[in-house]
Amino acid sequence: MSDIYQNLQRIKESLPDHTTLVAVSKTKPASDILEAYDSGQRIFGENKIQEMAEKWQMLPKDIEWHMIGHVQTNKVKYMAPFVHLIHAVDSLKLLKEINKQAKKNDRIINCLLQIKIAEEESKFGLSKEDTIEILADNELSALDHVKIVGLMGMASFTNDEKQINQEFENISLFFKELQPKYPQLKELSIGMSGDYKIAIDHNSTMVRIGSSIFGARNYS
Ligand SMILES: *Cc1c(COP(=O)(O)O)cnc(C)c1O
């Protein structure tokens, strides 16, 4: 049996029932994705729109494609016909463009708001204040073709488990705080290969796992 199959089984067994596995296939060939597909995996995450669109064209059409990377407004049109969930939305301007392109395709596109939880400066994402502002914005309620279904966050890239714990706790509490007012927020996308077990302890509903399934990525 292949490594991909075995890795998938092992990870799936360690996930609670309410946690969805997004298999992050960025940089990996279609053959790897098909191997995971043949093991039953249907949800895949990519971080480049063009790469995702190419894979969408050549692979089985019952795959759910998730865009997990930073999105440039001018590229939304290339994924609007098929993308299932956009994880890293960080502005009203981007939501407006997603709405426009979704409308052209007669679709409603699900989105997560990316919250900045890491202390590192490099990470994208919204502050809590900006998030509350977007959710309450009257312009948002006019966007019939986008639906904000949850939050996404990335912890700092560190071995300090205490810090990761704190960052995930932070977003998890914020998520719980928002839910009574915004019951459409159902997904909390936190956890990657190195930290998904900690994310599960903080009520992750969606983990985005790449290298633990497909092996290390080669960017050369
Ligand atoms: C690459 C990536 C992942 C997966 O990372 P691994 O460490 O390989 O599991 C998860 N989330 C985002 C946003 C990514 O870019």
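A polar contact here means a pair of N or O atoms within 3.5 Å; within protein, one atom must be able to donate a hydrogen and the other to accept it, and residues adjacent in sequence count only if both atoms are side-chain atoms. This is a predicted model, where local features need pLDDT of at least 70 and side-chain atom pairs pLDDT 80 or more, while totals for chains, interfaces and linings use all residues. Residues are numbered from 1 along each chain as its sequence is written, and side-chain values use heavy atoms, with hydrogens and water left out.

**The ligand**

| Residue | Atom on the protein side | Distance to a ligand oxygen |
|---|---|---|
| Lysine 26 | polar side-chain atom | 2.7 Å |
| Glycine 210 | polar backbone atom | 2.8 Å |
| Arginine 217 | N or O atom in the side chain | 2.7 Å |

On its own the ligand exposes 390 Å², and the protein buries 90% of that (Shrake-Rupley areas with a 1.4 Å probe; for residues, only the protein chains shown count as cover). The residues around the ligand include Val24, Ile68, Met152, Met154, Met192 and Arg208, where being near takes a heavy atom within 4 Å. Sorted by class, this shell has six nonpolar, three polar and three charged residues. For that count, Ala, Val, Leu, Ile, Met, Phe, Trp, Tyr, Cys and Pro are nonpolar, Asp, Glu, Lys and Arg are charged, and the others, Gly among them, are polar.

**The cores**

A nonpolar core is a set of buried Ala, Val, Leu, Ile, Met, Phe, Trp, Tyr and Cys residues joined through side-chain atoms within 4.5 Å. Buried means under 20% relative accessible area, exposed over 50%, and partly exposed in between (1.4 Å probe, protein chains only). The largest core holds 63 residues, and Leu95 is among those with the most contacts inside it. Another core, of eight residues including Ile43 and Val149, lies apart from it.

Leaving out residues up to four places away in sequence, leucine 95 touches Leu113, Ile134 and Ile148, among others; contact means heavy atoms within 4.5 Å. Isoleucine 134 sits in helix α6 (residues 128-136) and is buried, at 8% relative accessible area.

**Glutamine 101**

Over in helix α5 (residues 92-104) is glutamine 101, which counts as buried because its relative accessibility is 6%. Its side chain makes a polar contact of 2.8 Å with that of glutamate 97. Beyond neighbours within four places in sequence, glutamine 101 contacts Val76, Lys77 and Ala80.

Key: Helices (H or I, at least four residues) and strands (E, at least two) are DSSP runs, numbered from the N terminus.
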